[in-house]
Each structure stands twice: as C-alpha cells, then as structure tokens.
Amino acid sequence: MTASGRRANRRYAELTTAQIDTALSRDSILVLPTGAIEPHGPHLPLATDLIVAEAVAAAVVERGAAAGQDVWLLPSLGYTKSDEHARLPGTVWLRASTLFETIVDIGASLAQTPARRLLFVNAHGGNSALIEVAARELRRRFDLQTFFSSGPGHPGPTERGLGIHAGWAETSMMLHLRPDLVHMDQAVATVADAVADATSVGFAGPVRFGWLSTDFAESGVIGDPTGADAGIGATLFDERVDTLVTALPEIAVFDPGRVRR
C-alpha cells in the first residue's frame with residue numbers, strides 16, 4: 001500500500017512516458033489479457049471471454065504485485081480471432097492475419113520499453129494456436145521472452161468431457177464475476193455427442209477437425225450450462241489466478257537456454 005492507503009498503480013497505460021524507464025526493468029512482466037466479442041448462447045453476454053480474461057489478468061497482477069512480483073497489466077485485446085462464430089449475430093472478429101500483425105505490432109512497441117517479458121492471459125480458445133505462433137514471432141524478432149496461458153478446461157458432469165463453449169465452467173465463472181449479465185432461465189444444454197462418440201476425431205484426440213460453433217447447435221453453445229453455480233465459478237476463478245500467480249516468480253527469471261550448473 002502507498003502512504004495514502006491506495007494500492008500501488010500496476011496498470012501500464014496509467015504510467016506517464018517519464019515513468020516508463022524507471023517503473024519498468026528488463027525482468028518486468030507485462031500481462032496482456034485476450035478475450036473475444038462473440039455469441040455465448042442466449043444466456044451469456046457477447047463479452048464473456050473478455051470479462052473473464054480481464055478479471056483473471058487483473059487479479060494475477062494485483063496478487064502478484066502484493067507478493068513482490070514486478071508485474072504490470074496491459075490494456076486488453078477484445079477484438080480477436082473468433083470467426084468460428086461468424087454465422088451468429090453479434091460476433092466482431094479479426095482475420096487471423098490481422099490479429100497476428102496486431103500482436104506483432106504490440107510486441108514491437110513493447111520492445112521499445114525496458115521490459116522484456118510478456119504474458120498472454122487468454123480466455124478464448126480460438127486465439128490459442130495463433131497466440132502460440134505469435135509468441136515465437138515476438139521472441140525471434142524482438143528478443144522478448146513470451147509466455148501464454150489459455151487456462152485448463154473444466155468440463156461439467158454432464159458434458160461428456162466436452163464443455164467447450166458457454167457451458168458449465170464458463171457460465172459458473174460468469175455467475176461469479178458478473179451475475180447481472182447471466183440469464184439462467186435461457187440456459188439450454190447442447191452436448192456434442194457426435195464428437196464424444198468418435199474414437200479418433202475430436203477436439204483433443206489424435207485427429208483434430210475444423211469446426212464452426214453452429215455445427216453443433218443454432219445457439220453455438222457446446223456444453224451444458226444448466227448446472228452452473230457461482231460458488232463453483234469462484235473456485236475455478238481462484239484456481240486459475242493462483243496457478244498464474246504461482247508461475248510469476250519462474251516467469252520472471254525463466255531462460256530456456258540457461259545452463260544448469
């Protein structure tokens with residue numbers, strides 16, 4: 001806490017240009033939340049992924065800073081690669097090439113500061129593969145140490161291991177974070193039985209497949225939100241935040257080429 005009783009400012013965009021060189025160091029960790037603006041069925045808002053990414057990232061920075069870590073919160077990316085939902089009204093997406101170049105441009109800008117460590121906290125599965133490729137690009141072109149986390153999946157008890165989108169876990173987390181935006185009376189289960197029944201082709205099996213959210217249901221929901229619970233959401237939220245806070249000390253010194261002595 002500062003002398004005035006307020007928490008120290010850890011928001012990158014609230015620094016002045018005069019403060020950048022003194023507030024940041026080579027081992028400062030810049031945290032970039034990535035979400036999406038896309039349909040999440042009739043029961044969740046378009047901004048679900050963005051809300052979750054921002055909340056997780058903000059909590060990681062706050063708790064990490066309180067534990068003594070040199071960590072800073074960047075403004076979030078809300079418009080990202082979510083064209084798998086393009087056939088549903090409300091989706092706002094960037095082409096993969098546009099998002100890739102946007103991330104590269106952000107990396108080029110951050111490389112002009114003293115900081116050299118960038119952590120993506122992602123809450124939209126459609127971004128994961130592209131962020132992984134972009135992270136290597138930033139490493140190669142700008143000598144940034146890049147890290148990314150899309151969070152573990154938490155399929156619900158009725159989702160047959162496939163709570164992919166707007167299902168039990170995501171709805172539970174939103175009930176915890178923004179219950180005012182959740183309409184549980186509109187929640188309907190859409191379990192991807194055809195995928196669950198397949199033995200080789202799947203979301204995580206030996207053979208992947210290209211898909212649109214409307215391949216499974218008109219709503220785009222892939223999961224069962226009907227049993228969602230705010231208490232479960234709080235637990236899932238804290239688990240993810242705690243996992244990332246635990247990782248911060250390692251991220252702060254990580255060097256894949258370091259020789260063990």
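**Notes on a predicted model: the sheet, its helices and an aromatic cluster**

1. Strand S1 is mostly covered, with six of its six residues buried. This is a predicted model, and the points below should be read with that in mind.

2. S1 belongs to an open sheet of four strands, which pair in parallel and follow the order S2-S1-S3-S4. Strand S2 (71–73) and strand S4 (145–149) stand at the edges with a single partner strand each, so one side of each is left without a neighbour in the sheet. From one strand to the next, the twist averages 25°.

3. The pairing between strands can be followed residue by residue. Strand S1, which covers residues 29–34, pairs with S2 in the parallel sense over three bridges; isoleucine 29 has valine 71 in S2 as its bridge partner, and valine 31 stands opposite leucine 73 in S2. At the other end of the strand order, S3 and S4 also pair in the parallel sense, over five bridges, and here the bridge partner of arginine 117 is glutamine 145 in S4.

4. Is the edge strand S4 mostly covered or mostly uncovered? Although S4 has a single partner strand, S4 is mostly covered, with four of its five residues buried. Among the elements that touch S4 is helix H4 (residues 128–142), which packs on the sheet and also touches S1 and strand S3 (117–122). The direction of H4 makes about 170° with that of S4.

5. A further helix on the sheet is H7, which lies across S1, S2, S3 and S4 and runs at about 165° to S3. Helix H7 spans residues 230–253, and the buried residues of H5 pack against this helix as well as against H2.

6. Helix H5 is itself mostly covered, eight of its 10 residues being buried. The buried residues are Trp168, Ala169, Glu170, Thr171, Ser172, Met173, Met174 and Leu175. As for its packing with H2, the axes of helix H2 (residues 48–66) and helix H5 (residues 168–177) come within 11 Å and cross at roughly 65°, and the crossing is left-handed. Where they meet, Thr48, Asp49, Ile51, Val52 and Ala55 are the residues on the H2 side, while Glu170, Met173, Met174 and Leu177 are those on the H5 side.

7. Which residues form an aromatic cluster? Phe203, Phe209, Trp211 and Phe216 form one such cluster, and a search of the whole structure finds five aromatic pairs. In one of these, the rings of phenylalanine 203 and phenylalanine 216 have centres 5.8 Å apart and planes at 40°, so the pair is tilted. Both partners are in the loop between H6 and H7, 13 residues apart.

8. The two phenylalanines fall on either side of the 20% limit for burial: phenylalanine 203 counts as buried because its relative accessibility is 17%, whereas phenylalanine 216, at 23%, counts as partly exposed. Tryptophan 211 and phenylalanine 216 form an aromatic pair as well, which is edge-to-face, with 5.8 Å from centre to centre and 70° between the planes.

9. Tryptophan 211 lies in the loop between helix H6 (193–197) and helix H7. Is tryptophan 211 buried, partly exposed or exposed? Its relative accessible area is 24%, so tryptophan 211 is partly exposed. With its neighbours within four places in sequence left aside, tryptophan 211 is in contact with Glu84, Ile164, Phe203, Phe216 and Ile222. Tryptophan 211 and alanine 47, by comparison, are 164 residues apart in sequence and 21 Å apart in space, taken from C-alpha to C-alpha.

10. A last point concerns another tryptophan, this time with a charged partner. The charged end of arginine 10 sits over the ring of tryptophan 72, at 4.5 Å from the centre of that ring. Strand S2, at one edge of the sheet, spans 71–73.

Definitions and conventions
Residues numbered from 1 in each chain as written. Predicted model: local features only at pLDDT ≥ 70, side-chain atom pairs only at ≥ 80, totals over all residues. Heavy atoms only, no water. Helix = DSSP H or I, 4+ residues; strand = E, 2+ residues; numbered from the N terminus. Buried < 20%, exposed > 50% of the residue type's maximum accessible area, 1.4 Å probe, protein only. Contact = heavy atoms within 4.5 Å. Phe/Tyr/Trp six-rings, centres within 6.5 Å; stacked < 30°, edge-to-face > 60°. Lys NZ or Arg CZ within 6 Å of the ring centre and 35° of its normal. Pairing = 2+ DSSP bridges. Axes fitted to C-alpha atoms, helices over the stretch in contact; angles between N-to-C directions. Left-handed = near helix turned anticlockwise from the far one by under 90°.
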